[in-house]
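Please go through the fold of this protein with the structure open beside the text.

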Amino acid sequence: MILNNQRLREIDRNIWVQDQSFKYWGLEVGTRMTVIRLVGNSIILISPIKLESQTQENISKLGTVKYIIAPNLFHYLYLQEAKNIYPQAQVLVVPGLTDKQPEIAIDKVFFEDEIDFGSELEYILFAGFRVSMITQAATLNEVVFYHPASKTLILTDTAFNFDGEGCSRSESISNHRVDRTFPWLTQLGAKIMGSYDTLQPSVLEKLVIEDREKVQASVEKILSWDFQRVIMAHGSIVENDAKNQLKKGYEWFLNKNLTKLK
Ligand SMILES: [Fe+2]
């Protein structure tokens, strides 16, 4: 097994992640669910993975699942399954998913319905970004989250960070055994695509960018948040200096200097 650190692990106070094996274009890139606990022990699942019984048990110790979120138009695979497990929870999705996956029982759509987590969790639409599919480019419609209490930015597909260590400092800090390593083929792929040991989109997304100005506006808003850590769905969590790394990654992506930003 390549990704064998597949259990719920605490990243900071009231925020956890769990990884799962996932292949993209034949490469093992893993996928990651983020779990956030709000005041009152309400639990948010962002980008749910397949929820095995042990994971369900671990989550139940944290609180009651109230929200299940598809953060973009591609991370919906286990959404309905999660809703079946937690029927009391609301399924929140990005604009466009209702048409794309009409069989999913959706409760609310970001930016169309009132969705407010108060000051505990902020979010924006990462506009103007497309992902490169094998035959075409597709709009992503990713919602990016900011958890102020832990100074954590939560991305899904708008940046990757594949490295040779397979270890994020957060995992070390939490005193968990770190045994996850991206296979050499993924590392090689990431080196070719420009996401090896650096926090940025791949060169594929750079080729199919939809609207440069919208992407820049989205990045500027993100960089105005006071985050230190970045969790993304694919790659090692960046624990330190993440804001600077993300800024540099998007300077490369946009071919533009963003140094005036704080
Ligand atoms: Fe993804």
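The briefing below starts with the whole protein and then takes the sheets in turn.

This is a predicted model, in which local features need pLDDT of at least 70, side-chain atom pairs count only at pLDDT 80 or more, and totals for chains, interfaces and linings use all residues. Residues are numbered from 1 along each chain as its sequence is written. The protein has 8 helices and 15 strands; helices (H or I, at least four residues) and strands (E, at least two) are DSSP runs, numbered from the N terminus.

**Overall make-up**

- Of the 262 residues in the protein, 42% are buried (a residue is buried if 20 or more other C-beta atoms lie within 10 Å of its own, exposed if 12 or fewer, and partly exposed in between, with C-beta atoms placed from the backbone).
- Among contacts with a separation of 6 or more, 57% are between residues 24 or more positions apart (two residues are in contact if their C-beta atoms, placed from the backbone, lie within 7 Å).

**The seven-strand sheet**

- An open sheet of 7 strands has the order E1-E2-E5-E6-E7-E8-E9, with mixed pairing (two strands pair if DSSP finds at least two bridges between them).
- Strand E1 (9–12) and strand E9 (108–109) are at the edges with a single partner strand each, so one side of each has no neighbour in the sheet.
- Strands of a sheet pair through backbone hydrogen bonds, either parallel or antiparallel.

**Strands E5 and E6**

- E5 and E6 are antiparallel and share 4 bridges, with valine 35 opposite leucine 45 in E6.
- The two strands form a hairpin with 4 residues between them, and glycine 40 in the turn has a positive phi of about 90°.
- In E6, 4 of the 5 residues are buried, so the strand is largely enclosed by the rest of the structure.

- Strand E6 (residues 42–46) pairs with strand E7 (residues 64–69) in the parallel sense over 5 bridges.
- Within this pairing, leucine 45 stands opposite isoleucine 68 in E7, and isoleucine 46 has isoleucine 69 as its bridge partner.
- E7 and strand E8 (residues 90–93) run parallel and are joined by 3 bridges; tyrosine 67 is opposite glutamine 90 in E8.
- E8 and E9 also run parallel, joined by 2 bridges, and lysine 108 in E9 is the bridge partner of leucine 92.
- H1 packs on the sheet, where it touches strand E2 (15–20), strand E5 (31–37), E6 and E7, and its direction makes about 25° with that of E5 (axes are lines fitted to C-alpha atoms, for helices over the stretch in contact, and angles run from 0 to 180 degrees between N-to-C directions).

**Crossovers**

- A right-handed β-α-β unit is made by E6, helix H1 (residues 53–62) and E7; right-handed means that, with the strands pointing away from the viewer, the path from the first strand over the helix to the second runs clockwise.
- From E7 the chain crosses through helix H2 (residues 79–85) to E8, and this β-α-β crossover is right-handed.

**The four-strand sheet**

- Another open sheet has 4 strands in the order E10-E13-E14-E15, with mixed pairing.
- Strand E10 (122–126) and strand E15 (229–231) are its edges; each has a single partner strand, so one side of each is left without a neighbour in the sheet.
- On average, neighbouring strands of this sheet are turned by 20° against each other, direction ignored.
- Strand E14 (residues 152–154) pairs with E15 in the parallel sense over 3 bridges, and isoleucine 154 stands opposite isoleucine 231 in E15.
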